Amino acid sequence: MATEDKTPLREAAPSPGRTSKTPDRSKVARNRIIAGVVIAVVVLVAIFLLTRGAGVLSLTNDEPPVGAVNFHLKGTEFVATQLSGDKQAQKDTAKATADAVKKQLDTLFETAYVDPGSWGDTGEIGDLFTDGAKGQLKDDIATITLGDNAGDTYDSVDPGKSSAKVRTLTDKSGNALRAAADISFTGLAKHKDGTYTTITVTGTFFFVKDGDTWRIEGYSLDRKEKPAKAPVPKGSSSPSAVAS
């Protein structure tokens with residue numbers, strides 16, 4: 001009867017050591033799978049970012065982001081075509097017109113002077129002008145934009161303080177007929193050779209309403225450029241950081 005206790009089932013039973021290792025091996029396998037999935041996701045995200053222009057800039061910082069032009073309205077006025085009229089309506093119209101003109105000026109200088117992707121390209125700003133004014137843009141490319149082939153000279157333009165004073169021609173009921181904006185735009189330009197200049201554009205833009213949009217029908221501009229010091233790096237106040 002004693003020999004019957006040594007059954008094949010008892011001899012074939014797995015040892016305690018083998019049983020305890022099985023969960024450990026399963027855990028390792030799961031960890032490897034999870035790690036592999038995480039790595040694959042990271043690689044896919046990196047590929048997605050690197051194949052998009054914005055991703056390249058954000059990862060490498062090779063080029064600075066385009067700055068926003070923000071004209072400050074120094075004043076809004078209305079010029080009535082008749083002495084008698086609705087003064088409050090005329091004032092309200094002058095304010096609304098000035099806001100609309102400001103947005104057009106912001107877009108114009110951000111596109112023509114600040115965004116390297118549209119330097120010297122009058123086609124990028126054509127919609128801001130009337131059909132009659134578009135024909136003059138090519139001749140005035142050195143003032144209405146940063147200039148033809150500006151990319152050969154400049155690396156970037158950082159917009160500075162800019163202002164506009166807008167006058168609106170109204171009828172007696174307060175309807176806007178035309179507008180004029182006296183402007184002053186400034187920008188700090190970095191050149192290919194590492195030097196800097198301050199660019200200043202002053203003059204007047206004349207606007208006419210085309211449906212719900214104010215378009216430029218004429219302009220008289222003057223552009224000046226003079227040497228400037230390099231900007232002080234953010235977080236630094238050391239005089240040595242400024243070029244002489």
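Author: Y219 has a relative accessible area of 18% in this predicted model, and because buried means under 20%, the residue counts as buried. Its ring forms an aromatic pair with F205, in which the centres are 6.2 Å apart and the planes stand at 45° to each other, an arrangement described as tilted. Since F205 belongs to strand β5 and Y219 to strand β6, which covers residues 213-228, this pair ties together parts that are 14 residues apart in sequence.

F205 itself is buried, with a relative accessibility of 0%, and its ring also pairs with that of F109, where the centres lie 6.2 Å apart and the planes meet at 90°, so that this second pair is edge-to-face. Here F109 comes from helix α4, residues 87-114, whereas F205 comes from strand β5, residues 196-210, and the pair therefore ties together parts that are 96 residues apart in sequence. F109 is buried as well, its relative accessible area being 2%.

As for the setting, the protein has six helices and six strands, which run from the N terminus in the order α-α-α-β-α-α-α-β-β-β-β-β. Buried residues account for 31% of its 244 residues, and among contacts between residues at least 6 apart in sequence, 62% join residues at least 24 apart.

Conventions:
Residues numbered from 1 in each chain as written. Predicted model: local features only at pLDDT ≥ 70, side-chain atom pairs only at ≥ 80, totals over all residues. Heavy atoms only, no water. Helix = DSSP H or I, 4+ residues; strand = E, 2+ residues; numbered from the N terminus. Buried < 20%, exposed > 50% of the residue type's maximum accessible area, 1.4 Å probe, protein only. Contact = heavy atoms within 4.5 Å. Phe/Tyr/Trp six-rings, centres within 6.5 Å; stacked < 30°, edge-to-face > 60°.
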